[in-house]
Amino acid sequence: MYTLQKILTTNARSLFSIFFPTYHAASTLHSSNMKTATFAMGCFWHPDALFGCQKGVQRTRVGYTGGTLHNPTYRNLGDHTEAIDIDFDPEVISYEDLLELFWKNHDPTVPHKRQYRTAIFYRDEEQKALASESKKKKEKVFKNQILTAIEPFNKFYNAEDYHQKYYLQTHHTKLFNSLGIKPKDLVDSTIAAKLNGYVVGENTMEAFHFDCELLGLSPEYTAYVEKMIAKGKQAHC
Ligand code: MHO
């Protein structure tokens, strides 16, 4: 329990996390309504940013899946593929919405080595049906053959900490350090997922302003993120 004295001596961010626990730096999921989607669409840094800042996405992890090697690493990937795990609230963003973003943000007709192949790893029969249906629809839109594999989800291995929220960690160090989040906690942090997307222009100013207060950023960092969004899309893999 927080005593009044503790509340008065605590800093603004901790206060914020008392009132908005889901946005706490290392928040964990309590809602039984959360679902997870898993996609592969090339280098995983960009999808981490793209999905992380969508409304209704609680947290993301980049990692390796779709293969058989135990405990793969970036340097020893075996037969795995770079992928993104997305925890989302289906009442705010649907699996269909996520699929739309998936198709729109890579070219599923271009062949790549297994590390970067295009794939949807479904976690239940409903996701399988929705993924197959949307692939069929997209076949009418794309000129070339869609190469996206639709496979059952098996095991997801988190990538190394330095790959999580890569743009925020690597290119926006001052902002990242100001959050006081340890690299190992980035896979659980909603605020890091959001900011990692906003700093590379993956969502609109309007969406940021909606999130802004909840993110609890100082005016200085709010202005910084606005400047980044105004630059437009900046994610490079
Ligand atoms: N071009 C990037 C790809 C990284 S990605 C996580 C690199 O070689 O560093 O596969």
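1. Six residues to look up: the ligand is surrounded by C43, F44, W45, E82, H163 and C237. A residue counts as near a molecule if its C-beta atom, placed from the backbone, lies within 6 Å of it. The shell divides into four nonpolar residues, one polar and one charged. Here Ala, Val, Leu, Ile, Met, Phe, Trp, Tyr, Cys and Pro count as nonpolar, Asp, Glu, Lys and Arg as charged, and the others, Gly among them, as polar.

2. Keep in mind that this is a predicted model: local features need pLDDT of at least 70, side-chain atom pairs count only at pLDDT 80 or more, and totals for chains, interfaces and linings use all residues. Numbering starts from 1 along each chain as its sequence is written.

3. Now the sheet. It is open and built from six strands in the order β5-β4-β1-β3-β2-β6, with mixed pairing. β5 and β6 (157-158) stand at the edges with a single partner strand each, so one side of each has no neighbour in the sheet. Strands (E, at least two residues) and helices (H or I, at least four) are DSSP runs, numbered from the N terminus. Two strands pair if DSSP finds at least two bridges between them.

4. Look next at β4 (residues 118-122). Four of its five residues are buried, so the strand is largely enclosed by the rest of the structure. Buried means 20 or more other C-beta atoms within 10 Å of the residue's own; exposed means 12 or fewer, and partly exposed lies in between, with C-beta atoms placed from the backbone.

5. Which way do β1 (residues 35-41) and β4 run? They are antiparallel, joined by four bridges. F39 has I120 of β4 as its bridge partner. β4 and β5 (residues 149-152) run parallel, also joined by four bridges. A119 pairs with A149 in β5, and F121 stands opposite E151. From β4 the chain crosses through helix α5 (residues 125-139) to β5, and this β-α-β crossover is right-handed. That is, with the strands pointing away from the viewer, the path from the first strand over the helix to the second runs clockwise.

6. Check G78, in the loop between β2 (57-65) and β3 (81-88). Is G78 buried or partly exposed? It counts as partly exposed, because it has 14 C-beta neighbours inside 10 Å. G67 is eleven residues from G78 in sequence, yet 7.3 Å away in space, C-alpha to C-alpha.

7. Finally, just after α10 (residues 219-230), G232 takes a positive phi of about 85°.

How values were computed:
The expected span of a helix is 1.5 Å times one less than its number of residues.
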